[in-house]
Amino acid sequence: MSDDPQNLDAINTLPVLLAHALAMESEAAERYGELADQMEVHRRTAVAAIFRRLEQAEKAHLGDLTEMCGKVELPHIAPWDFKWRHSESPEVIDFTKVHYQLSVREAILLAFEHERRAAEFYAGIAQSATDPDVQKLAREFAAEEQEHIGWLETWLAECGPGDAQGAEDPDPPLCQE
């Protein structure tokens, strides 16, 4: 893990870039799936649908990426050695930001924040890398994340007044001390 944004210059080979991308897409698909499952349990079907659509998009990228990695020997990178700015990859939504009354609008804004972070991560690699192949692929990955951002912007524009409100819980959980 790294909090130094300049540390992206350590990602200057295709195998290292692909290893980071594979980890990011895997973690994002898994987290979106977990969040969709949680929202379904709480009968937040519209919110679950947002996360499920994003899970499917990440799985599609993961399939393409896995195929791309098939002919490349990827380095083993320990979880703490990834060049993320935080403890998890940029695209993974922090569980602590999610609650069972999450509104559609809140879900979209959370996803938007993390898709933006992923796009910035790849754009940073494209800027700092010296290998033209790494620059090109990082720009392609950033463009894919921008596509997700575009979807989220469209979904946000389609939100109605009811989408901004979370579920009302007539029996909210209480903290017992």
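How many residues apart are Glu120 and Arg116 in helix 3, and by about how many helical turns are they separated? In this predicted model, Glu120 and Arg116 are 4 residues apart in helix 3, which places about one helical turn between them. An α-helix has 3.6 residues a turn, so residues three or four places apart point the same way. Both partners count as partly exposed, because the relative accessibility is 45% for Glu120 and 31% for Arg116.

The protein as a whole has 4 helices and 0 strands. From the N terminus on, its elements run α-α-α-α. Of the 177 residues in the protein, 40% are buried. The accessible surface comes to about 9,800 Å², and carbon and sulfur atoms account for 51% of that area. Among contacts between residues at least 6 apart in sequence, 82% join residues that are at least 24 apart.

Just after helix 1, Arg43 takes a positive phi of about 60°. Helix 4 covers residues 132–157, and its 26 residues should span 38 Å at 1.5 Å a residue. The end C-alpha atoms of helix 4 are 37 Å apart, which agrees. At the start of helix 4, a side-chain oxygen of Asp131 comes to within 2.7 Å of the backbone nitrogen of Asp133.

The buried residues of helix 4 are Val134, Leu137, Ala138, Phe141, Ala142, Glu145, His148, Ile149, Leu152 and Trp155. These residues pack against helix 1 (14–41), helix 2 (45–69) and helix 3 (104–128).

Salt bridges were searched for across the whole structure, and 10 were found. Side chains of opposite charge can pair when their charged atoms come close. One of the salt bridges joins the side chains of Glu88 and Arg31, at 2.8 Å from N to O. This pair links distant parts of the chain, since Glu88 lies in the loop between helix 2 and helix 3 while Arg31 lies in helix 1, 57 residues apart. Glu88 counts as partly exposed because its relative accessibility is 30%. Arg31, at 11% relative accessibility, counts as buried.

Arg52 forms a salt bridge with Glu40, in which the closest N and O atoms are 3.1 Å apart. Here too the pair links distant parts of the chain: Arg52 belongs to helix 2 and Glu40 to helix 1, 12 residues apart. Arg52 counts as partly exposed at 23% relative accessibility, and Glu40 is partly exposed with a relative accessible area of 42%. Both residues belong to a network of salt bridges that links Asp37, Glu40, Arg52, Glu55 and Lys59.

Tyr32 lies in helix 1. Its relative accessible area is 1%, and Tyr32 is therefore buried. The side chain of Tyr32 makes a polar contact with the side chain of Glu115, at 2.8 Å. Apart from its neighbours within four places in sequence, Tyr32 is in contact with Phe51, Leu54, Glu55, Glu58, Glu91, Ile93, Ala111 and Glu115. The C-alpha atoms of Tyr32 and Arg53 are separated by 8.6 Å, and the two residues are 21 apart along the chain.

Glu91, one of the contacts of Tyr32, lies in the loop between helix 2 and helix 3. Glu91 is buried yet has no salt bridge. The nearest side chain of opposite charge is that of Arg117, 11 Å away. A salt bridge requires the nitrogen and oxygen atoms to be within 4 Å. Leaving aside neighbours within four places in sequence, the residues in contact with Glu91 are Met24, Glu25, Ala28, Tyr32, Glu58, His114, Glu115, Ala118, Glu145 and His148. Among them, Glu145 and His148 are also buried residues of helix 4.

Notes: Residues are numbered from 1 along each chain as its sequence is written. This is a predicted model: local features need pLDDT of at least 70, side-chain atom pairs count only at pLDDT 80 or more; totals for chains, interfaces and linings use all residues. Side-chain values use heavy atoms; hydrogens and water are left out. Helices (H or I, at least four residues) and strands (E, at least two) are DSSP runs, numbered from the N terminus. The expected span of a helix is 1.5 Å times one less than its number of residues. Buried means under 20% relative accessible area, exposed over 50%, partly exposed in between (1.4 Å probe, protein chains only). Contact means heavy atoms within 4.5 Å. A polar contact is a pair of N or O atoms within 3.5 Å; within protein, one must be able to donate a hydrogen and the other to accept it, and residues adjacent in sequence count only if both atoms are side-chain atoms. Lys and Arg count as positive and Asp and Glu as negative; His and the chain ends are not counted. Accessible areas come from the Shrake-Rupley method with a 1.4 Å probe; for residues, only the protein chains shown count as cover.
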